[in-house]
Structure formats: C-alpha cells, structure tokens
Amino acid sequence: MVNEKFNVTFANTYTSSKADLGDINFSNTTFSPNYDFDLSEIDQYSDLNIKQIDLSAGADYRINDNFALNLGFTYRRYADDDPYVEDGTGEAYITNFSISYLF
Amino acid sequence: MVKKVLNLLFILAFIGIFAIGAKAEESEKSDFKGKISAGYHFNDINGSTAKIGEYEDLEQGAGDGPDLSFFLNGHGDNFSLDLGGLYGGNKNDQEYYLNGDINRIFLERYQYNRFHHSLDHDPLTNLSAVLGGPKVSHQDFDVGRDYMIYYSEQESNTTINLPFLPGAQVSFDYRQQIRRGHKQALTMSKCAACHITSQGRTIDEETEDYKAKAQVKFGWLTLMYNFLHRDFREQANAPINQYDEAMHPGNGVEMFDDRVQYHDENLAYSQVPSSKKDSHLIKALAALPKHTSFYLSYLNSDIENRENDLSTDQDVITARITNRLIPGLKLNLDFRYLSLDNDDTYVDVVEPLSVAGANAGFPWNNHNPALSYNSFDPDFTRRSAMSRDVTTVGFNARYRLLKKTTIRLDYEWEKIDRDYYEVDNGDTETKKNTIKLGLKSRLNRKLKAKIIYKRQDIDNPFNNLNAAHEVVDPSSTYGSPFAGLQYWERQEDRIATLSNQPTAINEIKTDFHWSIKPNLFLNANFSWIDKENDDTNFSDWEQESYRPSLNLWYAPMERLSFNVSYMYDKTKTDSVIHMPVFDG
C-alpha cells in the first residue's frame, strides 16, 4: 500500500525445467538383420526444456468512499525450446481496467 | 434446461428465505457491504495459446464483453451472507458463489464455475523415431485441430442443525460437472501396433453426485451416516475408424483372416461407458476414559458399468485407537481392511475362417488337419487383477523427549492378497513392512530442524511375470505360420519377470527453518530416496533421487512480500529395457 488511497501489487513466478534422455546403447546384443533398428533419434523425443514466466502488477486507486479505479497488467510467457509433441511456445500481454462501486 | 430452472429456483428460494429471515430480524443490528466492478481487458498475443491459456480463454484484442464482478457480504445477530461472482468477458470464464446461514440452523454453500482446458495434439511423429527394420506408420486425420474441453461445475451443500435435537445435523449435497469438447483418440489400425491412426473424439460427459448425511452426538459418542449416489453419462458417439485389411506383408494374400478379430471394416473405438456408483459410509467416534479415543468406520460401495452390467464392489473397515494417557506421549493404533471384488467376464473370441492360403475354409484353432501348428481355444474368462483383500495394521508414537524436541516412531504392516493375479509363480501376495523414525527440534527461538528416516521392505511387489526374454528350443521351426512355432508359444517361453516397483526403499528427508528476522525467513529441504529391486530373476532395477530446495521469504513492508524458491531434482533410473519386435 502506497497510501490510504493508492495500493499496488506485484507478483512474479519463473520456472525453468530441463530433462533429457541419454543415448540408448545396447551392449552384448546382436540383432537379426531384419530387426537392425537405428535408435539414435529416440532421445530427441524425450528432451524437456521449458521456461515459464508469469509477471503481474496491479494498482487500485480509491477516488472516494464509493468509487475506485483498478488497473492490472500481466505478462505471461511459455517457451518450449525442445518441443516434440506440440510447440506451445507463446506469450501474452494482458491489460485490464475496471471501475468499482463500493457500498 | 429443467435442471437449470431448478437450480435457479433453488438459489432464489434460498435468497427468499434469507430475505424473510433478514426482514424478521430487521430491528436487530445488521451490516452489509459490497462491491460491483465493470471493466474491459485487452490481450496482445504472440504464438500459441495452448499453454499460456491452458485454463483461460485468451483471444487477440479486446474481450467479447465487459468484465464484470460483484460481491456482497452481510451479517447480523442471526444471519450471515456472502455472495459473489465473476464474468471474465466470455461465457467460458465465469465463477459464482453463495455462502450463508440463518441462526446457525440453516447453512448453505453454493458455487458454480466454468472454464476451458486446452489439450495437447500429438502429431505422432515420435513413432518415426526408430529407423531401419520394420517401421511404424502413422496417420493423423485431424492435423492442426485444437483440442479443448469446456468444463462447468456447480456444487451445493445444504446443512440443517436440528434445533430440537442438539448435536444432530442433516445435510444434502449436490454436485454436477459437465465436460464438452474434443480430445485426441488413438487406435491401432492394423492387426498389430505398426499402423497408428488418430482423430478427434467428441466429449459430452456429465457427472452428478447426490449426497445425504446425518450426524448425531450423544455425549461421548458421535455417529454419522453418509450416502452417495453418482451418475456418469457419456452422451457422445465413439469415433469410427476404418481398420486395415489383414494380409501377408510380402505377397498381399489374405491368408491371416483366421488370426484377426476384425479387419477391413468401420468400427467404433475409444468408447467410454456410462456408469453409476452407490456408497454407504457409517462412522462412529467415541471419547473413552483415560484420554483415549476410538474411531470406527465401514464403507460399502458398488460401481456399475451401465453398458455391460459389470460391477466393482468394495467393503472397507477402518479403526483407530488414540491414547494420550502418559504426558508427552501420543499413541495411535490403526487397522484397515479392504475387500475389492471386480466382476469376471467371459470373452467369446470371434473365430473367423481363413479365406486364402493353406488354412482356407478353417478357423485358426480347429485348423486344417493337414497343418501341424499347435493351437488352443481362444475363448477365455477374464479375471481381474483389481480383485483383492488388503489388510493394513499400523502403529505410531510421538514422544516429547525434551522440552522442545519430539521423537516419532511409525510402523506399518500391509498384506495385499489378490484373488487371481500372480506376482510370483503360484503366489498372489505382496507384503510390505514400513518403519519410520523422526526427530523434530526447536534448537532456539530462530531455528527449527526436522529429520525423518524411512525404510520399507516389500515382498513380491507388482511384477509382470515371465514378461520378456524368450528361450526357445533351438530345434524349433521358425518361418512358417502353418508349420512352425506360433507367437503364443514364443510368449509362453518367456522367462524374465519384469518390474519397475521396488523391493526396498530407503528415504531420508530433512527440513531446516531459520527465522532470521520477524520479516525474513529461510527454509531449506533435502530428500534422498533410494529404491531398488534385485529380486526379479533376470535383471535388477534401481532408482535414486536427490531433491534439495531453498525458499526465502522477505516482507519489507506490511503489505509487500517477496518469495524466492529454488528446487533441484536429480533422479537416475537403472532398468533393463526389452524391445519386442514384430512386423506382422
């Protein structure tokens, strides 16, 4: 709270997630020529490299006993650097305002 | 529509009752306050909204309509009322609630919310990750479609405290959840898993819960009865898939028609059965002499699949004795018995005749006498791995060792006895022994620490018996489906039991809390978990995890606070992987 009439809020969440699968190697194994699979690309479908940020700020101003103005801003980002199912990378700037009647 | 009208009437009736009550108490002191807000929101979006708007309807530009919200709070000597709502600019972003009571005799809680959930759309490209040899092909018939489920849920809890019988209470609860939209549905489109197809499945599901509860208190004894009836309905049709024709992969002859259940036809898949559930719960809580309390409950439930009349019956008895007779010592003794019976079902396998090849005119089982392969009657009774009896006995004690130091000891024994499913040859039982030791201490006014060690030993965890690694007589004949070894014989010859469940678990968890200042504290946690299974006959399995975390909280002003958290997780799993190879 800045003063009796003016109030501000901030909130921020940042998450970084990483995971990966190492190369798949078979030791002491001989495959039939019919089943001589190449597994070198499998690990590419298991990488996880995601960063998320959610930043929000808000301000409330009390005009008088019955009216107040509210302004909010949110920045949200989801970044998938190794997508393998669906690339959900995106960001949004969300601005909202409202007027309130209090009784 | 009828339900909507009933719900509206219900809310209006409640507000009416409240208004009459409030009017009657008009002369007494009452206080109301509220807030009504109206506004707009604007979005500027780059890229996909699948994740940033996973549970929120985000569209470019201004919203469809004004954002509206309201709340009203009122209370007096004999009533209280709290109601509010939020309309986020479109019909899929709504939330309303109402809480109130009159004279603490009639209490009502109602809430409604509506939102959407964006779902993933798997392009199936990972199925092309394995190169060389026979490949898995895939087809997505719905490329580019966004899958989404729209949820709406309303819940009402009505409680009446009977004024003529102090300590007695009856309540009636109702919950409805509706899910509509589309999700991805996959199926194998061939006689094996080498052709995968995908399309959208329409979802039109409704779950309704009706709950009635009665509770009465007679001095030292409290009794409670709870009845639940749940209806689940899926009203959408299952998707239809055109299944491939089964034929010899080399020469294209339809010589395997006798070995498939279906092919070359349109069939429904991903069907969700409608179901219902009834449950009865009886509880008793007794405050006994010598600082002892006793709790006993019995639960009986029945879940029935409305499509095929199969059901799952469950009976659970739970008991607990708690004693605090010795100062500083709290003792608990727990007992739980669960009996779960899932219906058997007879599977009458379609046994078509082969239309070409050496077995033409015959089914696979009673095959052409001129052929020498081994077969069996494929009809069978499916017995459920869920059917089981579970008995659990637990003991725990907490003792205040020093003024600010508490020690705890927990022990639990559990036996899972499955009716049919074997976890070892001829054995359907899993037994678990768990012991937990803990120490909690307040070192000084600013420092608190806790450490817990847990050890669990499991005999015969959930195993897949003889799941892999066939060992076939070298003299067996391969290569001919009509004279040589059959796939089922190869599966019968598998000898390796596989499991990803541990036979031993060791776990240490620590928690450290430092109140540096009244407005600044640091929390540090660390856990180490080691799981291993060296009891299977072919390979060992092990998993080890380290999870440290830090949390710092700082509040420089009364209404301003900062919180910073860091968590690290390192988990290593050693497991044998068996890759079945099959190309039809």
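**View 1. In chain B, the side chains of Arg383(B) and Asp344(B) meet in a salt bridge, with N and O 2.9 Å apart.** This pair links distant parts of the chain, 39 residues apart: Arg383(B) belongs to the loop between strand S19 (380-382) and strand S20 (388-402), and Asp344(B) to the loop between strand S17 (329-342) and strand S18 (345-347). A salt bridge is counted where a side-chain nitrogen of Lys or Arg lies within 4 Å of a carboxyl oxygen of Asp or Glu. Strands (E, at least two residues) and helices (H or I, at least four) are DSSP runs, numbered from the N terminus. The model is predicted: local features need pLDDT of at least 70 and side-chain atom pairs count only at pLDDT 80 or more, whereas totals for chains, interfaces and linings use all residues. Side-chain values use heavy atoms, without hydrogens and water, while residues are numbered from 1 along each chain as its sequence is written, and chains are lettered from A and ligands numbered from 1 in the order in which they are written. Arg383(B) counts as partly exposed because its relative accessibility is 44%; Asp344(B), with a relative accessible area of 31%, is also partly exposed. The classes are buried for under 20% relative accessible area, exposed for over 50%, and partly exposed in between (1.4 Å probe, protein chains only).

**View 2. A salt bridge joins the side chains of Arg230(B) and Asp209(B), 2.7 Å from N to O.** Arg230(B) lies in strand S11 and Asp209(B) in strand S10 of chain B, so that the pair links parts of the chain 21 residues apart. The two partners fall into separate burial classes: Asp209(B) is buried, with a relative accessible area of 8%, and Arg230(B) is partly exposed at 29%.

**View 3. Strands S10 (residues 195-218) and S11 (residues 221-234) of chain B pair in the antiparallel sense over 14 bridges.** Two strands are taken to pair if DSSP finds at least two bridges between them. Within this pairing, Thr207(B) has Phe232(B) in S11(B) as its bridge partner. S10(B) and S11(B) form a hairpin with two residues between them, and Gly219(B) in the turn has a positive phi of about 60°. S11(B) also pairs with strand S14 (residues 275-288) of chain B, in the antiparallel sense and over 12 bridges. Leu221(B) stands opposite Ala286(B) in S14(B).

**View 4. Lys290(B) has a positive phi near 60°, in a residue other than glycine.** Its place is the loop between S14 and strand S15 (292-305) of chain B. Lys290(B) counts as exposed because its relative accessibility is 60%. Asp309(B), another residue other than glycine with a positive phi, has a value near 65°. Asp309(B) is found in the loop between S15 and strand S16 (311-323) of chain B, and at 55% relative accessibility it counts as exposed.

**View 5. Asp457(B) and Arg455(B) meet through their side chains in a salt bridge of 2.6 Å, N to O.** Asp457(B) is partly exposed, with a relative accessible area of 31%, and Arg455(B) is partly exposed at 25%. Elsewhere, salt bridges that share partners join Glu206(B), Glu208(B), Asp231(B), Arg233(B) and Arg306(B) into one network. Over all chains, the structure holds 28 salt bridges.

**View 6. The contact between the chains takes 43 residues from chain B and 36 residues from chain A.** Contact here means heavy atoms within 4.5 Å. About 3400 Å² is buried between chain B and chain A, and carbon and sulfur atoms give 58% of this area. The buried area is the accessible area (1.4 Å probe) that two parts lose on being put together, summed over both. One salt bridge is found across the interface of chain B and chain A: Arg76(A) forms a salt bridge with Glu56(B), with the closest N and O atoms 2.9 Å apart. On the side of chain B that touches chain A, strand S1 (residues 30-47) of chain B gives the most, with 16 residues.

**View 7. Strand S4 (residues 90-102) of chain A and S1(B) run antiparallel and are joined by 13 bridges.** Across this pairing, Ser98(A) stands opposite Gly39(B) in S1(B).
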